[in-house]
Amino acid sequence: MKKMILKEYGSVDVMEMEEVEIPSPSAHQLVIKTAAIGVNDPDMVIRQSGPAPTMPKDMFPPLPHSLGQDFSGVVSTVGEEVTRFKVGDHVAGFSNMNTYMEYILTEEDSNVAVVPKELDLEPLGGLYLGLATAWASTIRDGQVKTGQKVLIHGGAGGVGSKAIQLAKNAGAYVFATGSAAQSDYMKSLGADETIDYQTQDFTQLVSDVDLVVNLTGPATLEKSYQVVKPGGRITTVNAVPDQEKAEQLGITAQYSMGFISLEEWEHAIELYSQGKLAVLVDKRYPFDLAGIKQAHLDFQNGSNTGKKIIVFGE
């Protein structure tokens with residue numbers, strides 16, 4: 001099988017394709033023939049410079065290693081003690097830095113769920129990571145509730161698009177920031193009002209917000225404290241909140257890690273199956289070295305609306 005590996009960190013040219021044996025599962029493992037994988041920010045960060053400071057050390061393998069987190073596929077082999085999966089199951093889920101390959105070896109107890117066979121596996125390949133981060137920041141840590149006012153920064157991205165949908169499913173009134181060109185897309189996801197971050201100052205347009213979900217970095221986080229009402233919350237995924245300032249303002253501020261339980265992931269799959277969650281595929285790329293490099297280059301150019309997906313052949 002083909003497998004993309006890194007032997008060093010740097011530009012897209014450090015990525016190499018190798019031919020390796022298809023893995024064989026042990027008693028509690030399964031092998032999945034990959035259908036599609038998502039292109040995500042951690043892939044860029046890790047490929048360029050290695051582990052991010054916030055990444056748990058026990059999750060990071062030594063060089064050489066592969067990349068990738070979310071995927072979809074079809075179970076091809078199961079270990080003799082596996083009971084949760086059978087050959088032929090369609091599945092989607094998470095496998096840390098282990099998806100840029102034609103067959104994925106994973107544990108039975110990993111965050112992988114069986115999905116209905118009538119669902120298209122391509123968009124499902126890019127669901128998990130953005131959904132997990134959105135779920136953590138909006139549902140688990142954000143504790144969004146019916147009737148609340150929620151401000152989501154970066155609403156058109158892979159995480160923000162899921163956060164909008166989760167907040168709307170919970171019954172919140174949603175403000176979302178993005179570019180003017182992304183406004184219609186964010187509204188199609190359920191945003192009640194959109195704010196053009198390039199020409200508008202959100203601090204002049206919203207106030208007394210119950211929850212701010214910050215997906216766009218420390219500068220936006222710093223400005224967001226002033227729009228949260230006392231007793232409200234800020235969650236942030238890429239900047240560490242100022243706990244002293246939060247305490248002075250009488251609000252809760254939390255750094256959200258994009259880890260969810262298998263039960264939460266299965267619940268998300270159920271929402272997806274019911275049409276309450278959607279993945280807009282922005283662009284598809286073939287699983288070859290040229291396709292992977294182009295996917296990374298396009299992602300790095302920014303203004304990502306929807307999901308970039310790498311697809312595998314038959």
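How many Å separate the centres of domain 1 and domain 2, taken over C-alpha atoms? The answer is 28 Å. Before going further, please note that this is a predicted model, in which local features need pLDDT of at least 70 and side-chain atom pairs count only at pLDDT 80 or more, while totals for chains, interfaces and linings use all residues. Residues are numbered from 1 along each chain as its sequence is written, and side-chain values use heavy atoms, with hydrogens and water left out.

Let us start with the two domains. Domain 1 takes in 2-129 + 260-311, and domain 2 covers 141-255; these bounds come from an automatic or database domain assignment. Where they meet, 13 residues of domain 1 are in contact with nine residues of domain 2 (heavy atoms within 4.5 Å). Together the domains bury about 900 Å², with 54% of that on carbon and sulfur atoms; this is the accessible area (1.4 Å probe) that two parts lose on being put together, summed over both.

Now to the aromatic rings. The whole structure holds four aromatic pairs, meaning rings of Phe, Tyr and Trp (its six-membered ring) with centres within 6.5 Å, where planes under 30 degrees apart are stacked, over 60 edge-to-face and the rest tilted. Y173 counts as partly exposed because its relative accessibility is 33%, whereas F175 is buried at 6% (buried is under 20% relative accessible area, exposed over 50%, partly exposed in between, with a 1.4 Å probe and protein chains only). Elsewhere, ring pairs join F94, Y128 and W265 into a cluster.
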